[in-house]
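Morning, everyone. Please have the structure up on your screens.

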Amino acid sequence: MTDPGPQTSGNEAAVRPGPGDPPGDPGEEHARTRPRKINPGSGLRGRQVPGRRAAVIALLLALAAIAPLPFGPTADYVCSGIAIQVLFAVSVGFPVGFAGVAALGNQLFYGVGGYVCAWLVVQLGVSSPLVDLAAGSAAGMVAAGLVGILIRRGVGLNFGLVALGVGQLVYLFVYQSNYVYSSNGIVGVVPGSLFGLDISSGYAQYGFTAAIVAICIGGVSLIRATVLGRAIRAARDSRPRAAGLGIPVDRYYWIAFVIGGLLGAVAGCLQALQVGSATPDMLYWSTGAIPLLAALLGGISTASGPVIGGIIYGTANYWLSENTQFANFYLGGAVVLLFIIAPDGLVGVSRTALRSLMNRPSWRFPALSAARAAGPADDDDVTGSAYRDNRARSEDEGR
Amino acid sequence: VIFSGALVGLASGMIYVLIATGLTLTYGIMRIVNMAHGAFFTLGAYALYTISRHWSASVPHLVLGVIVSMALVGLCGAVAEPTIYRRMYAAGHLSGLLGTFALLIFVSGLVEFVWGSSPVTTPVPGSLNHSVKLWTTSIPVYDLFILGCGLLLALALAAVLRYTRLGLEARAVATDRQMAAVLGIRVNRVFVITFVIGCALAAAAGALLAPLEQLDGDIGSSFVLLAFAVVIVGGPGSVTGTVLAGLLLGIIDGITSTFVPALSGYTFYLAMVVLLLVRPQGILGKAGLEIR
């Protein structure tokens with residue numbers, strides 16, 4: 001099947017986060033509406049960006065490290081849960097937003113990761129959390145690989161819905177049959193200690209979770225910047241064009257799907273270690289839709305969007321379920337409102353606002369416009385976001 | 001035995017058909033993947049539950065209740081379409097899907113808010129609460145009742161789409177929205193009306209199912225997924241394909257669960273996955289839905 005509809009010509013300069021840009025780096029910002037020019041006097045591309053990028057990364061890591069400290073003893077657990085939400089959101093943000101693969105069934109790999117991890121701890125008594133994590137993630141990745149092969153023929157939403165169908169099959173199997181524990185799942189998962197630190201509670205728990213999550217996010221950012229990432233992006237932007245260039249498009253979709261599955265499995269393992277159980281709920285389809293929602297809330301086609309969306313959604317969800325009885329009601333309502341007001345997600349909105357601010361000649365921020373002129377190294381002809389393509393396309397279809 | 005399994009499956013297939021036709025209608029005409037269809041299903045079921053608490057459980061009351069809940073939920077649809085949905089049409093399938101998913105979450109919260117979080121049940125009307133013997137097997141009368149109602153509604157929908165001016169306009173909009181607008185069809189009006197019809201069908205399915213299932217706020221999320229399976233298998237946007245797919249999946253599930261009860265529930269998805277692998281575009285679909 002081929003891409004319907006022509007590519008819109010406005011894509012050349014569409015907003016893309018720079019490959020490898022850390023979340024929130026203002027260097028991501030660059031002009032969309034006009035051709036990119038190197039401003040005289042702003043130096044060559046990338047001259048001043050790397051130092052600042054490192055500083056921003058360090059700052060964000062430091063912020064993440066002290067995040068739970070001001071909020072008392074229970075905050076470690078809560079923040080750790082939010083970190084897992086973030087990773088889960090990133091795990092769907094990558095295949096869906098970056099690769100344009102409708103990976104709707106990610107809860108399957110989340111659940112598989114969680115179950116395998118929990119099983120290792122409870123049944124085999126493997127007490128090293130890193131081993132549990134690695135094994136659970138590997139299992140999730142293998143599952144993603146298999147599902148990816150199985151559903152290779154489906155394209156677009158069909159792909160996603162077959163993935164959902166497979167996920168639902170596994171859910172029913174786990175929930176209804178007694179082959180895989182009972183419908184209560186595996187309980188009593190006690191993570192062992194890591195380097196002599198007990199990571200089952202307290203700040204050590206948060207530190208462990210956050211470190212793994214940070215490594216995963218860093219890994220995703222790296223992948224976005226590599227040749228692999230660019231090939232995936234090319235496959236997303238224009239399937240026929242990428243295929244014409246000799247890029248094995250289906251293989252890259254598969255790879256992106258598997259990477260998403262792997263990240264989802266890591267999130268599942270962390271979840272199992274954190275709450276001490278793996279339950280069939282982890283495999284239910286709406287479990288996988290929540291992180292997708294969080295990613296979209298932040299802006300799914302950006303690097304930082306899923307992270308920010310995950311933080312906001314996780315925090316809001318926690319706060320609302322602590323303080324009100326009807327978290328779904330408020331959260332769903334808020335997201336619907338946000339959709340109506342800002343269909344691009346929060347990052348998209350702030351970016352648009354920032355851009356319109358900066359494009360006023362009299363108010364240009366020197367630092368930011370320098371960074372913009374320097375721009376991320378991605379101005380070949382495969383730029384443009386799937387999300388925007390989508391819009392253009394649905395307008396085409398809607399004719 | 002096969003026959004009774006098939007008949008039971010046909011009844012549940014009819015429920016799928018009712019939900020899924022509304023879904024495929026909104027997809028075909030508005031090009032939006034409407035997860036919140038499950039929300040309207042839930043609202044329909046709860047509307048019937050509320051009505052049934054005030055009336056005695058008899059067939060005329062049930063029929064009236066179904067009609068009233070269809071009307072109420074249709075009204076919700078008439079409010080939701082211009083305010084919420086119209087903003088989402090331009091945003092692409094994926095964000096439409098997720099925006100409506102958020103709406104689904106919202107409504108499941110709303111249901112807990114209004115009706116409480118414990119599951120509720122609705123009685124089956126006494127005159128329908130028994131089984132009849134058909135040839136060699138016994139079939140719950142209520143299943144036959146669902147089958148009849150579903151058939152009636154599906155035929156009515158087909159007739160509206162085929163023979164009325166509204167149906168003609170709706171098909172024109174589905175084929176080419178812009179051209180239809182140029183020719184003087186009030187596209188937004190068609191949107192509202194078809195959306196209301198879709199919601200009313202979801203409500204009918206919910207209301208008819210209410211006496212058979214325990215209701216809670218999350219019931220929509222499981223049924224909307226089933227409905228999606230049906231839509232995709234039938235070929236997105238094709239009402240006939242959806243009807244065929246719903247009945248087919250229902251019958252397959254019904255027969256297998258008679259023979260191998262342990263498999264009940266799985267076969268639905270299994271059949272969906274297999275059918276899609278064989279025919280990715282659906283039974284009567286032309287091309288797959290693209291959300292990339």
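**A helix pair in chain A**

Let's start with the pair: α2(A) and α6(A) are roughly parallel to each other, because angles under 35 degrees count as roughly parallel, over 145 as roughly antiparallel, 65 to 115 as roughly perpendicular and the rest as oblique.

Before going on, some ground rules. This is a predicted model, where local features need pLDDT of at least 70, side-chain atom pairs count only at pLDDT 80 or more, and totals for chains, interfaces and linings use all residues. Residues are numbered from 1 along each chain as its sequence is written, chains are lettered from A and ligands numbered from 1 in the order in which they are written, and side-chain values use heavy atoms, with hydrogens and water left out.

Back to the helices. Two packed helices are described by the angle between their axes and the distance between the axes. Helix α2 of chain A covers residues 75–98, and helix α6 of chain A covers residues 202–225. Their axes come within 8 Å and cross at roughly 15 degrees. Axes here are lines fitted to C-alpha atoms, for helices over the stretch in contact, and angles run from 0 to 180 degrees between N-to-C directions.

Which residues make the contact (heavy atoms within 4.5 Å)? On α2(A), they include A:Ala83, A:Leu87, A:Val90 and A:Phe94. On α6(A), they include A:Tyr206, A:Val213, A:Ile217 and A:Val220. By class, the contact has 16 nonpolar, four polar and two charged residues. Ala, Val, Leu, Ile, Met, Phe, Trp, Tyr, Cys and Pro count as nonpolar, Asp, Glu, Lys and Arg as charged, and the others, Gly among them, as polar.

**The two chains**

Chain A has 15 helices and four strands. Helices (H or I, at least four residues) and strands (E, at least two) are DSSP runs, numbered from the N terminus. Chain B has eleven helices and two strands. Along its sequence, chain B reads α-α-α-α-β-β-α-α-α-α-α-α-α.

Of the 399 residues of chain A, 56% are buried. In chain B, 56% of the 292 residues are buried. Buried means under 20% relative accessible area, exposed over 50%, partly exposed in between (1.4 Å probe, protein chains only).

**One residue in chain B**

Is B:Thr194 buried or exposed? B:Thr194 counts as buried, because its relative accessibility is 2%. B:Thr194 sits in helix α8 of chain B, residues 187–209. Setting aside residues up to four places away in sequence, B:Thr194 touches B:Leu25, B:Ile29, B:Met30 and B:Ala170.

Methods:
Contact means heavy atoms within 4.5 Å.
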